[in-house]
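Opened the notebook for a quick pass over this one. Here is what I looked up, in the order I got to it.

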Amino acid sequence: MTSNIRYKSRIPVKTEDSTEEKQYVGFATLPNQVHRKSVKKGFDFTLMVAGESGMGKSTLVNSLFLTDLYKDRKLLNAEERINQTVEIIKHTVDIEEKGVKLKLTIVDTPGFGDAVNNNECWKPITDYIDQQFEQYFRDESGLNRKNIQDNRVHCCLYFIPPFGHGLRPVDVEFMKALHEKVNIIPLIAKADCLTPNEIKKLKDRIREEIDKFGIKVYQFPECDSDEDEEFKQLDRELKECTPFAVIGSNTVVEARGQRVRGRLYPWGIVEVENQSHCDFVKLRNMLIRSHMHDLKDVTCDVHYENYRAQCIQEMTSKLAQDNRMESPIPILPLSTPDADTEKLIKMKDEELKRMQEMLNKMQQQMHDKDQ
Amino acid sequence: MGIEETKKESELEAEVQLELRQSAPSFQTGFIRGTDLFGYVGIEAVLDQMRRKTMKAGFEFNIMVVGQSGLGKSTLVNTLFKSKVSRKSCTPDYEEKISKTVKLHTVSHVIEEKGVKMKLTVIDTPGFGDQINNENCWEPIVKYINEQYEKYLREELNINRKRRIPDSRVHCCIYFLPATGHRLRPIDLEFMKRLGKIVSIVPVIAKADTLTVEERQEFKERIRKDLTSNGIHVYPQREYDEDPEERVLNDRIRESIPFAVVGTDKEHQVNGNKVLGRKTKWGIIEVENVAHCEFANLRDLLIRSHLQDLKDVTHNIHYESYRVRRLNESNMNFSELVLSSWPLKNGTDTCETESQL
């Protein structure tokens, strides 16, 4: 093999080593190549935050990414809020750390759950997520696929108020409307008003209710059996800690001789990054340092594929009804179909039918995996 | 209408007294000072008599707590009266489930301190503001309050009245605001607008241990601004201040409402003393320490200084305006009202329509 010869170069080697090196191909360097390419390309990540106003969403986002995204925000007074509908606001930030670029998009949902009548207040949010999927679907099925922008929502942080005794009706309905479209990570907001016992009780209660109502929140992937014990222990602790009880802060205070992010009260100082005070560090590590890629993968492989399969099924069922041999890609603007494009269309048509069969098989596999 | 009349009367009285004093300084008919008396008359002993009588008879106080589930209403009431008087501690099968409709629960206790007996009734409103669609969730509460006024009115108009009419009218309504730190929410505005006209509302910021001191101040300012811009009058209302002294006292209270409270029934050791507090990993929040939260201010207002005033305001102002409304609506005089068989249900329905006020 050429790589073998390249590796051997001109250094005279002993016979024992040479047998090993004969068997070394060199594609173990692939991860490094991928790494180098991704660093050049950069990553993107879309995070959605949802919850009632005053839950500390903006503060938490600022604490997570150590930026100030909400400098010029104006708080509406109650009269203006009476007629407010749920809006979707996007903030995009380019962050760079040690040469790695991250294009971070935060999707904010002001107005959620604030009105007196909150029926279907999650509809603008589900519509937005579907729109992003639809756009990606169009781009993916299009002819020029070089620069597809991925605006799909990779993760949704849902803020549960710490005041209640568990999940409220609006929490349950929201999560059920979204659990099959996006990875939901429920959080207990403003956890500094709870004592450690209360936090434990609330977490148990919420986990119970999530099971009871059949809400599919984001599950951490299982550890491989060959990981070391420490990693497995950390993973177990992470799983037992959900939903995370978080505290965010925009200010830096002096505590124990150090300057830390925290909140200063007359009775003490809450440190955001102190693991015994809250689960902020666990959330940050999970979200950014260990599971960011997994969140993107689950979005691509599960949620997006579900959407796509649904879309295609609808389209083919419509076709069967109409009984026409038209283009199954209704989104391309075909003004004057000439012979070449018609051939292309027919080819794509057959390809799509084949892909649909594959998808059905994949769905079946996914069902089996879930069970 | 009644308020303005009493104000004019008092103004008139003051004028008359001034004239008397000015006209004949040596001939003061209406005003004898203590120094002018040449012996001890014993007028002030009437205070003792009153005190003994009221101690024997006891007081009644009805307090209503309104707010979303989990804001600490039951705990606060228990902490206020230092006994287990809330629904949570009294109903045997209390569950922390969210109920589908707003149902009112009343629990009554007789508590005693230094020979003074008080019949305390706590009216709880579980289910308020907990659903997805909270439209008109305040209606059962408005209905209940008006029903109590109606009951009292009936008793008053009876031919054979009881000596002491049992008073089940709501003297005070504590409204719990969640400590979001932003502003009043639409549901808060709607509730307080409607109920500020028929009962004395005391708004409090619940679970305030999640706000720092600066956040607390800003939050309170924004709430006060929202209240004035919407014409909501909470207790103590400015119009009902009777004299300048009271005005100064109440102004000070008005500058610090809504009170930011923290409630608990657990005790911890701090500096060798046993205090009521919440123990967290970063410190102990002492409930009765004014530097930590304003629970002590709320307790002083409600119990130590303004308890009787709350009852007076309810009786003289809210109840009277209800009475005037009812009598105007029925357009009859007293005896006719008593003789007619007026079912309670019909009465409350007509009251819910905001006719004059």
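This is a predicted model: local features need pLDDT of at least 70, side-chain atom pairs count only at pLDDT 80 or more; totals for chains, interfaces and linings use all residues.

**Aromatic pairs**

I began with two tyrosines of chain B: Y149(B) is buried, and Y322(B) is buried as well.

I then checked how the two rings sit. Y149(B) and Y322(B) make a tilted aromatic pair, with 5.4 Å from centre to centre and 40° between the planes. Y149(B) belongs to helix 5 (residues 139–157) of chain B and Y322(B) to helix 10 (residues 307–330) of chain B, so this pair ties together parts 173 residues apart in sequence.

I picked out Y136(A) and Y304(A): their ring centres are 5.2 Å apart and their planes stand at 90°, so I log the pair as edge-to-face. Y136(A) is in helix 6 (residues 123–141) of chain A, while Y304(A) is in helix 11 (residues 292–322) of chain A, so the contact ties together parts 168 residues apart in sequence. Both Y136(A) and Y304(A) are buried. They also belong to one aromatic cluster, together with F133(A) and Y307(A).

**Helix 4 of chain A**

The buried ones are K57(A), S58(A), L60(A), V61(A), N62(A), S63(A), L64(A) and F65(A). I also looked at what comes after the helix: L66(A) follows, with a positive phi near 50°.

**Two loops of chain B**

Where does H306(B) lie? I found H306(B) in the loop between helix 9 (295–305) and helix 10 of chain B. Its relative accessible area is 5%, and since anything under 20% counts as buried, H306(B) is buried. I ran a distance too: H306(B) and D209(B) are 97 residues apart in sequence and 26 Å apart in space, C-alpha to C-alpha.

The other loop runs between helix 7 (213–229) and helix 8 (244–256) of chain B, and D243(B) is found there. D243(B) has 35% relative accessibility, so I put it down as partly exposed.

Conventions: Residues are numbered from 1 along each chain as its sequence is written. Chains are lettered from A and ligands numbered from 1 in the order in which they are written. Side-chain values use heavy atoms; hydrogens and water are left out. Helices (H or I, at least four residues) and strands (E, at least two) are DSSP runs, numbered from the N terminus. Buried means under 20% relative accessible area, exposed over 50%, partly exposed in between (1.4 Å probe, protein chains only). Rings of Phe, Tyr and Trp (its six-membered ring) pair if their centres lie within 6.5 Å; planes under 30 degrees apart count as stacked, over 60 as edge-to-face and the rest as tilted.
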